[in-house]
Structures are given as C-alpha cells and as structure tokens.
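Please look over the sequence and the model shown below. The text that follows leads through the domains and a set of charged side chains.

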Amino acid sequence: MSERSFVVAVVGATGAVGEVLLTLLAERDFPIGELRPLASERSVGSTIRFAGKDVPVQLAEPSAFDGADFVFFAATGSLSKDLAPEAAKRGAIVIDKSSTWRLNDDVPLVVPEINADALEKHQGIISCPNCTTIGFVMALEPIRRAAGLRQVIVTTLQAVGGTGKPGLDELEEQKAALRSGQPAVPKVYAAQIADNVVPLCESFRDDGYSTEEVKLLHETRKILGMSSLDVSMTCVRVPVPVGHSASILIETETPLSAAAAREALSAFPGVEVMDDPANNIFPTPADVVDRDEVLVGRIRKDIGSDRLWIWQVSDNLRKGAATNAIQIAEAMISRGLR
Ligand SMILES: NC(=O)c1ccc[n+]([C@@H]2O[C@H](COP(=O)([O-])OP(=O)(O)OC[C@H]3O[C@@H](n4cnc5c(N)ncnc54)[C@H](OP(=O)(O)O)[C@@H]3O)[C@@H](O)[C@H]2O)c1
C-alpha cells in the first residue's frame with residue numbers, strides 16, 4: 001500500500017465493532033500516523049491498547065475530527081447523523097457503520113469486492129452495509145455474474161453480537177438466569193433469546209416486516225444496482241454469540257447447475273466454499289468467527305424447480321462490519337482518493 005500514514009479516528013472504539021476494528025487496523029498494518037479512539041463521556045478517562053501503547057479514549061465531538069484523514073463511525077445512528085457531517089466538513093473521509101446514510105443517494109454503499117467503483121463519487125461520507133446484507137450480497141454476486149438474478153428468498157439466522165455488547169450481555173445473563181432456575185428477562189430483545197429463537201430482528205413496522213428485513217431488501221438492491229430485484233426475506237435472531245447465517249433460495253436468469261455455482265462462488269474474492277455433504281462438511285457460525293471470508297455451503301438444486309439453494313455464514317463483526325469498513329479505506333487509498 002501507500003508509504004503515507006494517516007490520522008485515523010474511531011467513533012465507538014469501546015464497542016463490539018470498534019474493538020474488532022482496532023484489532024484489524026493493527027493486524028492489517030493500516031498506515032496509521034495517529035489514532036484517536038473516541039466514545040461517549042462514559043468512556044473518557046479509560047484507555048485502549050493499540051500497537052503496544054495505551055491510548056486515551058477521547059470524547060466524540062466535532063473538534064476531535066480536526067486534521068483526521070479517516071473517521072470510522074461504529075456508535076449509534078443518531079451520533080452518525082449529528083457528527084458524520086462535522087467530520088466530512090473538516091475534510092475527513094467518513095466510513096459509517098450505522099444505517100443512517102445507507103440509502104442516501106449521495107452516499108456510496110460499498111462492499112469493495114462488488115462495487116468499489118461507487119467510491120469514486122463519494123462526497124465525504126461512505127456507508128457500510130448492514131452486517132447481514134454484506135454476507136448475503138457476497139454470496140449473491142458470484143451467482144449474478146454467472147447467470148443473473150431473477151428472484152431471491154432468504155431466511156437469516158442472526159447472532160446476538162449483531163446487537164453489539166448489549167446483545168452479547170443479554171444472552172449471557174439469560175443463560176446464567178436459566179441455569180440457576182430464574183426467569184430469563186428480555187430487555188434488548190422482544191422475547192427470551194437464551195435457549196430460544198426469535199423471529200424478529202430490531203422492531204416491527206406497520207406492514208408486519210421488521211426494520212432489519214427492509215434494510216436487507218433496499219441495501220441489497222442499492223449495492224447490486226438492481227432497483228427492482230425481487231427479494232423476500234425473514235430475519236431471525238438466534239442464541240449464537242457471533243456469526244450470521246442465511247438460507248438462500250435463488251432463481252437465476254439463465255440455468256445454473258450446482259457445480260457451476262460452486263465454481264463461481266469459489267472463484268470470487270472473499271468467498272470460500274465449504275461444501276462436501278458426503279463428509280458432513282458445511283459452514284457454521286463457529287467456523288467463521290474471527291475470519292474475514294464469507295463461507296458458503298449446502299449448494300444444491302431445488303428438488304421441485306430449477307432454483308438453487310445455498311447456505312452462507314459470515315462473521316458479523318469482521319466482514320459484516322470492521323473488515324468491510326477497513327477494506328473501504330484501503331480501496332480509497334489505492335484509488336488515490338485519499
Ligand atoms: N455488532 C454488529 O455486528 C454490527 C455490525 C454492523 C454494523 N453495526 C453497527 O455498528 C455500530 C456499533 O455497533 P456495536 O455493535 O459495536 O455497538 P456497541 O457494542 O453497543 O458499542 C457502541 C459504541 O458506541 C459508543 N457510543 C454510544 N453512544 C455514544 C455517544 N452518545 N457518543 C459517543 N459514543 C457513543 C459507545 O461508547 P461507550 O462505551 O462510551 O458507551 C460504544 O463505543 C451501530 O451503528 C451498529 O448498528 C454493528
């Protein structure tokens with residue numbers, strides 16, 4: 001990469017995504033001259049360990065962006081709404097993990113393996129898709145390139161880590177409560193999550209869909225540049241700490257055999273096929289934790305039609321969040337956009 005080094009701020013550095021982001025910035029040797037971990041007043045005074053040093057956490061406020069090259073936002077949607085324009089106004093490239101800017105026409109929504117060209121039109125703020133959308137489109141794009149897409153039906157099984165630290169804490173608290181004969185009291189989710197499955201991610205809209213489901217639909221269409229792609233979706237929360245899964249039924253424009261789909265998926269950067277039914281080989285969330293690749297298995301023709309089934313798993317904190325955000329910054333640098 002470049003010989004230059006950059007001033008990098010991370011808003012939400014103490015959160016689930018922020019922590020992974022810091023780990024990956026170090027792991028990927030991102031060229032950092034100065035790191036500014038930012039969070040709320042609750043965390044000011046604490047430090048985070050980065051590259052062998054304790055770095056103090058500062059308050060996320062406009063002046064913290066002075067002179068920054070890249071500002072990663074991994075906090076709340078309302079904070080991104082208020083502060084991302086402040087960072088962009090000061091000349092920083094904002095890479096936002098919240099849903100706030102994703103469907104804004106002036107904001108590229110980018111998965112670098114798929115639509116890095118969209119970065120060229122950026123106006124300071126770049127959005128990272130939802131953690132579920134990223135794994136989903138990474139599995140769809142190779143199929144689309146091979147045979148086009150006509151219709152997609154998906155059920156997602158989403159880890160509690162997708163709700164950040166509060167989700168992870170709730171699962172552990174409820175498991176402990178159930179072990180000691182106490183009731184599992186839901187706070188983050190609408191129903192008990194320990195030893196259970198909840199067919200609701202985020203909250204319901206008036207039409208009976210959840211906000212998460214509608215994000216998955218619109219973000220997929222925007223990233224793939226297919227504004228009327230037929231996607232039907234149900235998003236389900238499962239008691240898994242990290243790793244979102246999806247069971248996907250795909251109708252292609254032209255016929256595609258399972259073998260050809262396997263080949264297209266294997267050849268796509270960032271996708272790894274784990275598919276050997278004879279030996280019980282398929283990907284699970286436990287296989288994907290701490291991995292950047294999107295894993296795909298159970299590739300098979302539908303028994304009753306020409307459609308294809310696939311099963312996809314990705315680490316929601318890595319490729320679903322931190323990895324994708326850093327890949328965007330890396331692509332900006334390699335394209336000379338910063
Ligand atoms: N978890 C995932 O898999 C995932 C995946 C993709 C996208 N996202 C998105 O990424 C963002 C972060 O999610 P997360 O899961 O990491 O959440 P989290 O674990 O709850 O962490 C939230 C972070 O935001 C900070 N924060 C909250 N309110 C703040 C405020 N008013 N001012 C400054 N900092 C504030 C917190 O700082 P304190 O420690 O000081 O409270 C903490 O660092 C969200 O927009 C989420 O939708 C999450």
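Does Asp 69 count as buried or exposed? Asp 69 counts as buried, at 17% relative accessibility; buried means under 20% relative accessible area, exposed over 50% and partly exposed in between, with a 1.4 Å probe and protein chains only. The model is a predicted one, in which local features need pLDDT of at least 70 and side-chain atom pairs count only at pLDDT 80 or more, while totals for chains, interfaces and linings use all residues. Residues are numbered from 1 along each chain as its sequence is written, and side-chain values use heavy atoms, with hydrogens and water left out.

The side chain of Asp 69 meets that of Arg 338 in a salt bridge of 3.2 Å, N to O. A salt bridge here is a side-chain nitrogen of Lys or Arg within 4 Å of a carboxyl oxygen of Asp or Glu. The pair links distant parts of the chain, 269 residues apart: Asp 69 is in the loop between strands S5 (58–59) and S6 (70–73), and Arg 338 is in the segment after H9. Helices (H or I, at least four residues) and strands (E, at least two) are DSSP runs numbered from the N terminus. Arg 338 is partly exposed, at 22% relative accessible area.

The whole structure holds 28 salt bridges. Among them is Glu 141 with Arg 144, at 2.9 Å from N to O. These two residues are separated by about one helical turn because they are 3 residues apart in helix H4 (residues 131–147). Glu 141 is buried, with a relative accessible area of 2%, whereas Arg 144 is partly exposed at 24%. In helix H6 (residues 211–224), Glu 212 and Lys 215 are also 3 residues apart, and their closest N and O atoms, 3.9 Å apart, form a salt bridge. Glu 212 counts as buried at 4% relative accessibility, and so does Lys 215 at 16%.

Next come the domains. The domain assignment, automatic or from a database, gives domain 1 (6–129 + 321–334) and domain 2 (133–315). Their C-alpha centres lie 25 Å apart. Contact (heavy atoms within 4.5 Å) involves 20 residues of domain 1 and 18 residues of domain 2. About 1,500 Å² is buried between the domains, with carbon and sulfur atoms giving 64% of this area. Buried area is the accessible area (1.4 Å probe) that two parts lose on being put together, summed over both. In domain 1, Leu 103, Glu 113 and Ile 114 lose the most area to domain 2, together 37% of what that side buries.

Between the two domains there are 3 salt bridges. On the side of domain 1 that touches domain 2, the elements giving two or more residues are helix H1 (16–27), helix H3 (112–115) and H9.

Residues touched by Arg 318 include Val 20, Leu 24, Asp 290 and Asn 324.

How values were computed. Lists of a residue's contacts leave out its neighbours within four places in sequence.
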